[in-house]
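These are my notebook entries on one structure.

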Amino acid sequence: MAGFYINQHVLNNLFYILVTVFAFSFLYDHSRAAQRRPFYGRALLGVCLALAAVLCMKFPIYIDPICVHDFRQIPFLLGTLYGGGGLGAVLFVVLMLARTILYGFQPLTFIVYAIMFAITAAVSPLFRKLPRTSKLMMSLGLTFLLAVVVTFVAILIADFPVTKPYIVYFILLPPFVTMFAVYVMETLLEAQCARAELIKMEKMEIVSQMAASISHEIRNPLTVVKGFIQLLQTGRLPRETEERYIRIALEELERAETIIRDYLTFAKPAPKEMEPIDVAAQLQKVLQMITPMARMHSIDVFSSLEHGVVIGNVQYFQQCFLNLLKNSIEAMPNGGTLRVAVQNRETSIVITISDNGIGMTKEQVRRFGEPYFSTKEKGTGLGAMVAVKIIEQMGGTWEIESAVQKGTTLTITLPASRVQPPTAGRSAAG
């Protein structure tokens with residue numbers, strides 16, 4: 001029964017240490033200030049380990065009727081090793097104050113922990129430079145060495161009685177607990193570093209992918225323009241041919257300009273000029289813009305637009321749906337039907353765009369709106385990417401249902417507004 005009582009308190013002390021180590025890792029991982037400024041990180045580590053030390057003292061290990069022990073030295077050693085002499089000094093003061101408040105001042109305790117502090121602070125710079133395996137071995141050996149040294153000091157100064165339980169719980173067990181705590185801390189720190197590196201690599205991959213795609217897409221029209229300009233320099237071409245070459249060069253320059261504009265629309269922040277937008281009126285304007293393109297592709301356009309108001313930027317709103325409708329038209333190279341519907345559900349405006357074109361696979365649906373992903377042979381994916389960002393800037397959501405060779409339905413939900421547009425030019429579309 002006595003053995004169970006002792007083991008229970010040993011596990012409690014170990015629990016206090018591990019919980020505060022995990023708490024430090026969690027708080028550090030979610031604190032930008034602690035990550036950017038080492039002082040804040042050390043302060044957070046000090047608070048967590050000081051709490052562990054105080055809890056260990058408050059709920060100690062009862063070795064025998066004349067000896068009470070705890071694992072307070074383990075968080076103290078951890079803080080000094082990882083935080084250096086400055087943090088170790090703070091923890092030393094906290095330990096002495098807590099010891100005095102809980103059990104009264106004891107000169108032997110002060111001497112013992114002063115020796116621990118001096119030795120640990122001296123080896124801390126070396127400890128922090130070591131790899132994980134060496135840190136584990138060093139923490140094991142240092143804790144054992146300190147336990148032996150302070151035990152001899154206690155015997156010399158106060159004729160301290162050394163019993164078998166004392167040897168187990170003060171000399172033999174703490175080194176392994178310290179090594180285990182160091183292992184947990186190193187594992188958590190490595191996980192944080194690995195995740196930060198992974199996020200950095202993902203960002204760099206996106207940036208490199210976008211840069212490569214932009215350079216590729218811009219190079220194509222510029223190469224065409226360069227070629228035609230070189231032909232025009234020969235000066236031996238008919239006037240009609242020159243005009244045709246100039247027209248093609250201008251079209252390619254406009255294409256390059258469109259690519260750059262779409263990229264800038266995606267990259268720059270949301271516009272500040274937010275205003276009420278009559279969804280039906282603005283979509284009617286967009287439909288008028290794309291009607292000639294739809295007729296060229298033998299596409300019938302049907303619309304059912306209920307009036308509703310959302311908050312956004314009119315220019316970006318038109319660009320968003322112009323991009324989406326062009327995508328639908330280009331998905332029907334052999335003709336088809338394009339349907340656009342708006343439903344006013346009081347709290348939200350639901351816009352549906354459907355076509356019976358080539359459709360998309362599940363993987364293509366999943367990647368819709370990703371930077372530079374397109375189902376078109378010569379597409380850049382910028383149009384869908386810009387449209388998705390504009391929808392998200394307006395606080396909206398979007399869903400896609402698609403099947404190969406059956407068509408695609410895009411459903412966009414935007415939050416409705418009760419504020420009316422300054423000009424109530426409403427013309428029902430059907």
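Entry 1. I looked up which residues of helix H10 are buried in this predicted model. The buried residues are Tyr316, Phe317, Gln318, Gln319, Cys320, Phe321, Asn323, Leu324, Leu325, Ser328 and Ile329. I then checked the length of H10, residues 314-330. Its 17 residues, at 1.5 Å a residue, should span 24 Å, and the end C-alpha atoms are 24 Å apart, so the two values agree. At the start of H10, I found a side-chain oxygen of asparagine 313 within 3.1 Å of the backbone nitrogen of glutamine 315.

Entry 2. I searched the whole structure for salt bridges and found seven. One of them joins the side chains of arginine 195 and aspartate 29, at 2.2 Å from N to O. This pair links distant parts of the chain, since arginine 195 is in helix H7 and aspartate 29 in helix H1, 166 residues apart. Arginine 195 has 43% relative accessibility and therefore counts as partly exposed.

Entry 3. I noted a salt bridge between glutamate 190 and arginine 132, at 3.6 Å from N to O. Glutamate 190 lies in helix H7 and arginine 132 in helix H6, so the pair ties together parts 58 residues apart in sequence. Glutamate 190 is partly exposed at 38%, and arginine 132 is partly exposed at 28%.

Entry 4. I looked up arginine 366, which forms a salt bridge with glutamate 363, the closest N and O atoms being 2.6 Å apart. Both residues lie in helix H11, three residues apart, about one turn of the helix. Arginine 366 counts as exposed at 54% relative accessibility, whereas glutamate 363, at 41%, counts as partly exposed.

Definitions and conventions:
Residues are numbered from 1 along each chain as its sequence is written. This is a predicted model: local features need pLDDT of at least 70, side-chain atom pairs count only at pLDDT 80 or more; totals for chains, interfaces and linings use all residues. Side-chain values use heavy atoms; hydrogens and water are left out. Helices (H or I, at least four residues) and strands (E, at least two) are DSSP runs, numbered from the N terminus. The expected span of a helix is 1.5 Å times one less than its number of residues. Buried means under 20% relative accessible area, exposed over 50%, partly exposed in between (1.4 Å probe, protein chains only). A polar contact is a pair of N or O atoms within 3.5 Å; within protein, one must be able to donate a hydrogen and the other to accept it, and residues adjacent in sequence count only if both atoms are side-chain atoms. A salt bridge is a side-chain nitrogen of Lys or Arg within 4 Å of a carboxyl oxygen of Asp or Glu.
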